[in-house]
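Visitor: I would like to learn how to read a few features of a model. Please show me the structure, and then I will ask about them in turn.

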Amino acid sequence: FDACNLGSINLAKFVKPYSSKSVNQKREIDYERLKFVVRTGVRMLDDVIDACKYPLPQITQTVQANRRIGLGVMGWADMLYQLRVPYDSEEGIKLAKKIAKFIQDESWQMSEDLAKEKGVFPRWKESSFVKLGKKVRNVAITTIAPTGSISMLSDASSGIEPVFALAYTKNVVE
């Protein structure tokens, strides 16, 4: 009876614009802005748990007891295009690790901050976080979920995947 509220950050929106007229200059990631959005996303997804009307009381109880959220990403390929980093390069792999760690660390820090503000998730005492001495608001925090529809709506590349087609038609069955 558990559920997870999902949200995705469009990584392509965190590449700083060119600071001069030279398009050959190396672009950078705006980590301060990304930090703000990650922390805001965690707070928003946590708030969604309380705002949702679930179809069964068992789902409501389980979701509120675990406070499981899934903050993910989309637009990875678009970010790499802007940075001129090949998807399968060593530089691309290192950047993926750096960004994933950054999002993971900031997400858990925000969950800790929310635990101080609002309390730990109700099943915290039954969790492995007790042994770690880590008080968090959510049992789980990040995900790498497919972002098919939302990435199309956001005009972003899907999840962490490379671009599969420059043009396509989506058929929706009604």
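Visitor: Is C4 buried, partly exposed or exposed, and what is its relative accessible area?

Guide: The model is a predicted one. C4 has a relative accessible area of 32%, so it is partly exposed. C52 also counts as partly exposed, at 27% relative accessibility.

Visitor: How many disulfides does a search of the whole structure find?

Guide: The search gives 0 disulfides.

Visitor: How are two packed helices described?

Guide: In general, one gives the angle between the axes of the two packed helices and the distance between those axes. Here, take helix α1 (residues 31–51) and helix α4 (residues 90–118): their axes come within 9 Å and cross at roughly 50°. The two helices are therefore oblique to each other. The crossing of α1 and α4 is right-handed.

Visitor: Which kinds of residue make up the contact of α1 with α4?

Guide: The contact residues divide into 10 nonpolar, 3 polar and 10 charged.

Visitor: Which residue forms a salt bridge with R39, and where do the partners lie?

Guide: The partner of R39 is D113, with the closest N and O atoms 2.5 Å apart. D113 is in helix α4 and R39 in helix α1, so the pair ties together parts 74 residues apart in sequence. Both count as partly exposed: D113 has a relative accessible area of 23%, and R39 has one of 21%.

Visitor: What about K118 and D46?

Guide: These two form a salt bridge, the closest N and O atoms being 3.9 Å apart. K118 belongs to helix α4 and D46 to helix α1, so this pair joins parts that are 72 residues apart in sequence. K118 is partly exposed, with a relative accessible area of 32%, whereas D46 is buried at 0%. Both belong to a network of salt bridges that links D46, D47, D50, R67, K118 and R137.

Visitor: Where do K26 and E91 lie?

Guide: Their side chains meet in a salt bridge, 3.3 Å from N to O. K26 is in the loop between β1 (5–10) and α1, and E91 is in helix α4, so the pair ties together parts 65 residues apart in sequence. K26 is exposed, with a relative accessible area of 56%, while E91 counts as partly exposed at 40%.

Notes. Residues numbered from 1 in each chain as written. Predicted model: local features only at pLDDT ≥ 70, side-chain atom pairs only at ≥ 80, totals over all residues. Heavy atoms only, no water. Axes fitted to C-alpha atoms, helices over the stretch in contact; angles between N-to-C directions. Helix = DSSP H or I, 4+ residues; strand = E, 2+ residues; numbered from the N terminus. Parallel < 35°, antiparallel > 145°, perpendicular 65-115°, else oblique. Left-handed = near helix turned anticlockwise from the far one by under 90°. Nonpolar A, V, L, I, M, F, W, Y, C, P; charged D, E, K, R; others polar. Disulfide = S-S within 2.5 Å. Buried < 20%, exposed > 50% of the residue type's maximum accessible area, 1.4 Å probe, protein only. Salt bridge = Lys/Arg side-chain N within 4 Å of Asp/Glu carboxyl O.
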